[in-house]
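This report goes through one structure part by part. Keep the 3D view open while reading and look for each feature as it comes up.

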Amino acid sequence: MDSKLIKEQEIKRNINNAFRSAEVTVVRRRRISVRFRAGILPAFISYLKEYMGFVHLVMISCVDWLEDNQFELVYHLWSYEEHIHAMIKIRLDRDNAQIKSLSSLWPHAETYEREIHEMFGVDFEGHPGLTDLILEDWSDLPPMRRDFDTRAFVAETFEWRKGREDAQDVRQTISARYGETIPEFKKDK
Amino acid sequence: MNDDLDRQNNNIIANWARKHSLWVLAYGTGCGAIEVPPTMTSRYDAERFGITGMATPRQADVLLITGYLAIKTLKRVIRTYEQMQAPKYVIGFGSCTINGGMYWDSYNTIKRLDDYIPVDIFINGCMPRPEGVIDGFIKLQERIARGQAKGWQHYQENLDWYRANQKKVIKNWTMPDYNW
Amino acid sequence: MSPMNIIWMIAMPFIGAAIGLLYIGISRNITARVQNRFGPPPYQNIIDIIKLYSKKTAITHGVMFHLGPVLAITGTISTLMFVPILTGNYPIYLFSFQGDLILLMYIMVFGCLAMALGAGQSGNPNSAIGVSRGLTQMFGYEVPFVIALIILMVRFDTSSVLDIIKAQDTVAHWNIFRSPFSFIAAIAAFLGMMGNKPFDIVFAPAEISSGPPSEYGGKYLALMQTNRGLFAFVKLVLYTDLFLGGAGDFITLILKTFALFLIPLFIGIVNPRFRTEQAMTFFWKWPTAIGVVGLVLVLL
């Protein structure tokens, strides 16, 4: 098993030589995962980009760990030389979510950061323009946060059409038209 | 004013011409826009009923709302609808426009299209097939011929109600007021 | 001017528009059949225009915006007045005079310019792009068109359309056979004038959302569509007069104009759209070269 993961183990050694606090895990072939602290993230990522060959930022995603009161940002990097996918995971405090922007390393990181800012409310320092990307005039809680109650928001903002819950009106219309009997179904609740 | 509108609506020759020449605005919203090309091209050929695509709202008669509408899109749809010239019809397409469909608990899509713009015909289905679309168009033609497709008139008369609904979901209202 | 002529003067724009719109309707039907569809009825365009006239129209962008379509159709009708329509026992000449060919060359541009002014004032960027494309394309096809007309003028030593018709008394004397170079150059210009598929860069619905008329709707659009039908008819009649020996009666006129109409139609069905510079290259390369060869042969 280990003999097949030579490349990955070597990268793990190299990363640990440079940054002792990085917790590198070899997930499987061609995939490593790194836990790191948020403070010196740009330095770490630029080290990966310049010296380890991870030149491609695939995407940035965000996970809301409501129970730990933390956001987890995941930076997906890809190395064309080694064919290895690295996931850099960092945890941010949920109440004061702030991190340095990566837009100086990759210009296209701007878009992902704008989206994460809009959907989760993470603040990116040094970003050229953290304006609205998809939502317009959103004043509520950022909608992808887990403490944002979608159904309450929908019930407050929109009006549902009557009869949507069990479609009884449609069934009655159809049964009246074609003379069918409506079967009695058990209610779920 | 209203007598004039009624007279226009009940003009037999004009209604016959309107019925046989429905120009659809080529503005695809949501996922149902993919059903429109097969409806227009050689397999189902809606052009034999006089249904043609038009590129700008000024020239079009029918606004097809093909699926879910995000609030951001609703803004553009209202603006487009108000730019169209007066005998104008709206077809709500798919269950998303009727009751929200599969986006019934989404924070960002509207649930009932007829709260915001007047809808003349709903075509249900998710998505309706081109046969269903053509059937909807024929039902619309029948309503036009009978002078019942009066959604635009309803919108003019109840503009305050529609505006209130629109402003409820569109927070920052920066649209120009059109005179039509 | 005889009373018969006055009646024709009033009736001819309507007849011309009806024939032109019917041709465009038939072209839609033929296009549909080529694409394996059933297609709309041939009178579909006339229904469209009745509908457009019955629409309410509440758009304004300034004075020129209102005047644009009106001036366009004025230009087209005045062009019609100077084209000899029938030359048989019951001729319809209206205002033909010595030297009307030179007048026609100028007055045919008038409608396009009026539409450009009107569309330009609408302030829509698509209109502006369409107008600039249209004027560019006009520079393109005017060159072979003018060369073709000059060939005819030099050959018959006249600038009157009536004299040119009189010179083509038999089928063998038709200009399509006697000066084929002129005909080829003129028919290439005709493709550009009709705005059918390879040269529909002006209207291009998929690119610039129908170009100049993109801000026009309702009655203005109806006026523009009427103008389109009438202008097609005027151009077809002019080409029939110049190259197919004119027409003695209405049946001959319809047969000849329809035969001419089929040329751009069938070229249009099977071709995609040119880009602007490709269209210009086409117009200034082959038709112009052929026209110049014809001109040299005539002058020798």
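## Salt bridges overall

A search of the whole structure finds 23 salt bridges over all chains. The model is a predicted one. Side chains of opposite charge can pair when their charged atoms come close.

One pair to look for joins the side chains of C:Arg37 and B:Asp45, with 3.2 Å from N to O. This pair crosses between chains: C:Arg37 sits in the loop between α1 (3-34) and α2 (44-53) of chain C, while B:Asp45 sits in the loop between α3 (36-40) and β2 (51-54) of chain B.

## Which chains touch

Which two chains share the most contacts? Of the 2 pairs of chains in contact, it is chains B and C. Chain A and chain C do not touch, and their nearest C-alpha atoms are 25 Å apart.

## Chain B with chain C

On the side of chain B, 30 residues are in contact with 32 residues of chain C. The two chains bury about 2,400 Å² between them, and 55% of this area is on carbon and sulfur atoms. Three residues, B:Glu47, B:Arg58 and B:Gln85, supply 24% of the area that chain B buries against chain C, more than any other three residues.

How many salt bridges cross the interface of chain B and chain C? The rule finds 6. In the salt bridge of B:Asp61 with C:Lys55, the closest N and O atoms are 2.3 Å apart.

## Chain B with chain A

Here 25 residues of chain B are in contact with 21 residues of chain A. Chain B and chain A bury about 2,000 Å² between them, with 51% of it on carbon and sulfur atoms.

The count of salt bridges between these two chains is 3. A salt bridge joins the side chains of B:Arg76 and A:Glu136, at 3.2 Å from N to O.

## The sheet of chain A

Strands of a sheet pair through backbone hydrogen bonds, either parallel or antiparallel. In chain A, 5 strands form an open sheet with mixed pairing, in the order β1-β2-β5-β4-β3. At the edges stand β1 (23-28) and β3 (56-65) of chain A; each has a single partner strand, so one side of each is left without a neighbour in the sheet. From one strand to the next, the twist averages 20°.

Within this sheet, strand β2 (residues 31-36) and strand β5 (residues 84-93) of chain A pair in the parallel sense over 6 bridges. Follow A:Phe36 across to β5(A), where its bridge partner is A:Ile90.

## Helices on the sheet

Helix α1 (residues 6-18) of chain A lies across β1, β2 and β5 of chain A, and it runs at about 170° to β1(A). Helix α2 (residues 41-51) of chain A also packs on the sheet, where it touches β2, β4 (70-79) and β5 of chain A. The direction of α2 makes about 180° with that of β5(A).

## Two helices of chain C

Two packed helices are described by the angle between their axes and the distance between the axes. For helix α5 (residues 125-156) and helix α12 (residues 276-299) of chain C, the axes come within 9 Å and cross at roughly 10°. That makes α5(C) roughly parallel to α12(C), because angles under 35 degrees count as roughly parallel.

What kinds of residues make up the contact of α5(C) with α12(C)? They divide into 16 nonpolar, 7 polar and 2 charged.

Definitions and conventions. Residues are numbered from 1 along each chain as its sequence is written. Chains are lettered from A and ligands numbered from 1 in the order in which they are written. This is a predicted model: local features need pLDDT of at least 70, side-chain atom pairs count only at pLDDT 80 or more; totals for chains, interfaces and linings use all residues. Side-chain values use heavy atoms; hydrogens and water are left out. Two strands pair if DSSP finds at least two bridges between them. Helices (H or I, at least four residues) and strands (E, at least two) are DSSP runs, numbered from the N terminus. Axes are lines fitted to C-alpha atoms, for helices over the stretch in contact, and angles run from 0 to 180 degrees between N-to-C directions. Contact means heavy atoms within 4.5 Å. Angles under 35 degrees count as roughly parallel, over 145 as roughly antiparallel, 65 to 115 as roughly perpendicular and the rest as oblique. Ala, Val, Leu, Ile, Met, Phe, Trp, Tyr, Cys and Pro count as nonpolar, Asp, Glu, Lys and Arg as charged, and the others, Gly among them, as polar. Buried area is the accessible area (1.4 Å probe) that two parts lose on being put together, summed over both. A salt bridge is a side-chain nitrogen of Lys or Arg within 4 Å of a carboxyl oxygen of Asp or Glu.
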